[in-house]
Amino acid sequence: MIAARLLERTDTRKLPPSESPWHALHARQVIALTKTRESGLSRQEAAVRLDRDGANALAPRRPQSLPRLFLRQFNSPLIYLLVAAAAVSLGLGHVTDAGFIGLVLIVNALIGTIQESKAATSLNALRHMIGQSASVRRDGAIAVIDARDIVVGDIVEVESGMAVPADIRLISSNDLRIDQSTFSGESAPVAKDADDILDEGAPVGDRTTMLLAGTMVDQGRGVGIVVATGPRTRLGAIDATLKSTEPTPPPLVLQLTRLARQISIATVGLIVPFAITLLLQGRPGDQVLLLAVALAVSAIPEGLSIAVTVALAAGSRRMAARKVIVRSLPAVEGLGACTMIASDKTGTLTQNVLTVERIVLPDGMMMDRTHWSEPSPALADIRRGSAICNEAAISAEGALVGDTVDTAFLRFAGEGGVDIAAIGMLARMDLLPYEPARKYSGAAVDEAAGRRVYVKGAPETILPMCDPVSDAARTKATDMTSAGFRVLALAASKAGAASDVDLKDPKHLVLLGWIGLIDPVRPEVPAAIAACGEAGIGVRMVTGDHPRTALTIARQLGIRAHDDQVVTGTHLANLADRQEEQAALVLKGRVFARIEPHQKLRIVQILANSGELVAVTGDGVNDAPALHAAHIGVAMGLAGTDVARGAADLVLADDNFASIVAGVEEGRITYANVRKIVIFLITTSIAEIAMFLGAVATGLPMPLTAVQLLWLNLVTNGAQDVMLGFGRGEGDELTRPPRRPTTPLLDRSAFALMIPPALTMTVLALFLAFRMQEQGLPLADIQNGVLLMVVLFQNVYVLCMRSERRPLFREPLFSNPWLLLGVATALGLQLTAMFWSPLSNLLGTAPVSRDTLLFCLTATAATLVVTEITKWVVAKWQRGRVHGAL
């Protein structure tokens with residue numbers, strides 16, 4: 001019978017189309033379930049009749065196993081080339097070369113596996129947001145069951161403190177308020193009423209007849225019928241969206257992937273024609289294959305993956321020291337690259353707690369916190385009345401407990417010096433609790449001048465109880481509402497006249513004032529948003545709160561937005577079939593209000609498709625799909641839900657939006673470090689390739705063996721390029737605009753920094769090989785001398801690359817002490833290889849003559865001069881380009 005009445009009520013009300021699955025669609029199932037129970041079927045059998053919808057749990061996503069993660073590390077063009085090189089070496093009988101290459105592959109794969117396993121995102125937190133137990137009416141009795149056993153059609157009772165276990169259509173309610181901030185972003189609990197009539201298209205935040213799984217009962221009681229469980233709930237829909245949405249790779253991942261592909265194509269493009277040329281010249285096939293292996297090893301920067309990982313890890317540690325916890329290493333650099341931050345409001349930009357921020361007195365005088373320290377009998381009377389007409393209490397620990405509005409009023413009274421503990425001890429002669437139907441609460445107390453009645457509630461309810469108030473004062477109160485404040489009126493009886501006042505129908509009261517409440521902004525956020533503006537980063541607010549409230553908060557934060565730049569969820573829904581118009585609306589908007597989770601995801605996608613690198617901040621369940629899909633997802637660590645943290649790349653340990661600015665700075669430093677690493681590695685690779693090609697062109701022998709190349713690229717290079725990742729920045733990172741999303745990692749300035757030094761190294765190394773060959777020295781001595789020269793080249797070049805702009809002598813010596821250690825280590829390893837027989841036998845190295853050493857040192861000094869001149873020319877060109885753009 002209950003189900004039949006529910007169906008009748010559903011048919012007589014205007015319900016949003018999106019609610020039809022919860023009402024009209026399930027109504028027949030509900031009736032069917034009721035009938036099966038009346039016929040004696042068990043709950044399990046009834047659940048089967050209901051399309052097996054009964055499991056009220058969200059299916060977890062299986063994490064990838066470590067072996068699968070390990071195998072994934074070999075899915076790269078660079079790795080394919082190295083594997084081919086190892087196979088060729090093994091086929092030619094060069095077991096040492098093949099083993100060395102294999103060692104490189106395994107080390108890189110192990111590092112990548114550890115990185116990905118630590119960064120794995122856990123989406124199973126959604127399952128824990130559904131209540132663990134529920135009170136259900138079955139067979140005429142109340143039963144407490146596991147929430148996972150609830151089925152569609154169950155009659156569920158909820159009360160204060162409970163988690164809502166499923167999506168429930170209310171049948172009856174009593175002073176019911178629900179904390180649904182994780183869905184809608186509203187800081188205040190939302191009143192629910194089973195008898196409300198909804199308009200078509202009402203957003204989730206306004207559906208007062210529905211309780212959603214994963215929300216909490218703040219106060220009151222309710223009874224409802226379950227219309228959706230598990231994956232069919234709103235929470236389940238978010239989970240499905242989260243699982244089906246592919247995350248956008250951070251920019252560094254995209255650029256490194258592109259770079260790997262380009263290096264692979266270039267390597268093949270070099271190897272194939274030269275191999276064919278040598279074969280046509282009559283060179284033996286085994287020598288040609290050996291040359292191909294050497295070229296492949298030269299072209300591939302084997303240590304790039306390790307060096308970049310270390311640079312990101314170093315940036316991660318610096319971020320952690322500034323309260324930004326990194327869950328995905330590539331996101332370290334990604335935050336520095338972002339051009340747009342789409343931020344949630346409640347709990348991110350605001351404090352997620354209602355406070356009294358503005359007062360309008362009956363004479364029209366408006367007061368805010370800047371005036372509250374001034375002596376004012378009227379303000380003192382309002383503070384006292386706020387404490388008396390109040391249902392909140394003080395816990396044993398001294399915390400305020402109760403409705404958020406009452407706790408805000410009590411806090412406001414205490415800030416003004418009212419002894420709220422003593423007020424609480426007053427014997428209230430009468431207390432009229434707040435009820436949504438009545439829209440006000442009241443209290444009567446004995447004071448020195450006699451009995452006095454206080455009432456507070458909605459202005460339209462309180463004003464008819466009062467003596468006339470001036471139109472000017474009413475206008476100011478209306479303006480306060482238009483500004484986004486939640487406005488309540490406070491009134492009291494005249495001293496000694498309370499005996500004639502009926503709390504249930506009070507009249508002839510005196511208005512004490514209008515009280516404006518709002519969720520205040522975090523004090524550090526306006527400065528952080530201003531800093532984002534200076535760094536060239538746009539900020540957009542995306543919230544489920546009311547448009548007027550959102551616009552007011554945005555303006556307080558310094559987000560400049562006009563009325564026509566406020567976009568609501570209804571606006572987006574109306575343009576759902578007109579994608580271009582919807583995209584234009586999103587790109588124009590600065591404040592997005594009454595936004596549902598799938599709409600927030602759509603906003604992020606539109607911004608990303610327009611060319612923005614989007615970072616999304618949030619703390620609620622409703623933020624999870626957007627956090628997951630954005631280039632960089634940033635969740636709140638303290639107030640954020642497990643779902644939001646699981647979907648994000650970064651977590652703010654202090655929930656401080658300002659920490660994002662620190663993260664942006666560290667991200668830009670990390671990108672600069674990664675860029676320096678890539679420039680260094682590619683420059684040395686170009687020099688090595690050019691040495692081989694030059695040797696072939698001039699008839700000189702191979703300048704290095706394959707093992708010596710691996711020694712350079714993995715060990716000697718690796719001791720230095722890794723340390724470039726510990727650079728601390730140059731101090732002006734936040735004054736530069738963000739780089740364009742389309743700007744490659746290696747742009748024109750990077751190639752300008754690479755080519756002259758690489759050619760200088762190549763020419764000098766070939767000249768040394770020619771000189772030693774003319775002296776009649778054996779091939780092993782020539783290769784030994786060239787290897788030492790290349791190590792010295794790299795020592796000097798990496799020191800020059802501590803800064804792309806400042807000359808070597810202006811860069812503080814200990815700006816990166818780790819790099820100095822790396823240079824010393826690389827040089828020490830090479831000296832060890834020259835003098836320690838086990839290593840010298842493996843690498844074919846030995847001490848060099850005094851003449852060769854002197855030539856190497858002179859050539860190194862020449863490389864230093866060329867590199868510094870190149871940096872000066874590039875820096876001058878960049879400054880001229882910037883001035884020209886201005």
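**Salt bridges and a covered strand**

Modeller: Gladly. Let's start with one side chain: Arg 137 has a relative accessibility of 37% and so counts as partly exposed. Keep in mind that this is a predicted model.

Colleague: Which residue does Arg 137 meet in a salt bridge?

Modeller: The general idea comes first: oppositely charged side chains can pair when their charged atoms come close. Here, Arg 137 and Glu 157 form a salt bridge, with 2.8 Å from N to O. Because Arg 137 sits in strand β1 (residues 133-138) and Glu 157 in strand β3 (residues 155-159), the pair ties together parts that are 20 residues apart in sequence. Glu 157 is also partly exposed, at a relative accessible area of 24%.

Colleague: How many salt bridges does the count come to?

Modeller: The count comes to 20. One of them joins the side chains of Arg 318 and Glu 666, again 2.8 Å from N to O. That pair links distant parts of the chain, with Arg 318 in helix α11 (residues 304-321) and Glu 666 in helix α25 (residues 658-698), 348 residues apart.

Colleague: Are Arg 318 and Glu 666 buried or exposed?

Modeller: The cut-off for buried is under 20% relative accessible area. At 17%, Arg 318 therefore counts as buried, and at 7% Glu 666 is buried too.

Colleague: What about Asp 545 and Lys 345?

Modeller: They form a salt bridge, their closest N and O atoms being 3.1 Å apart. Asp 545 is in the loop between β19 (538-542) and α19 (547-557), and Lys 345 is in the loop between β9 (340-343) and β10 (355-360), so this pair ties together parts that are 200 residues apart in sequence. Both residues are buried. Bridges can also share partners: Arg 318, Arg 322, Glu 665 and Glu 666 are joined into one network in this way.

Colleague: Now strands. Which residues lie on each side of β23?

Modeller: In a regular strand, side chains alternate between the two faces of the sheet. In β23, Ile 632, Val 634 and Met 636 are on one side, with Gly 633 and Ala 635 on the other. Both faces are covered, and 5 of the 5 residues in this strand (residues 632-636) are buried.

Colleague: Which strands are joined to β23?

Modeller: Strand β22 (residues 614-618) runs parallel to β23 and is joined to it by 4 bridges; Thr 617 stands opposite Val 634 there. Strand β24 (residues 650-652) also runs parallel to β23, with 3 bridges, and its Leu 652 stands opposite Met 636.

Definitions and conventions: Residues numbered from 1 in each chain as written. Predicted model: local features only at pLDDT ≥ 70, side-chain atom pairs only at ≥ 80, totals over all residues. Heavy atoms only, no water. Salt bridge = Lys/Arg side-chain N within 4 Å of Asp/Glu carboxyl O. Helix = DSSP H or I, 4+ residues; strand = E, 2+ residues; numbered from the N terminus. Buried < 20%, exposed > 50% of the residue type's maximum accessible area, 1.4 Å probe, protein only. Pairing = 2+ DSSP bridges.
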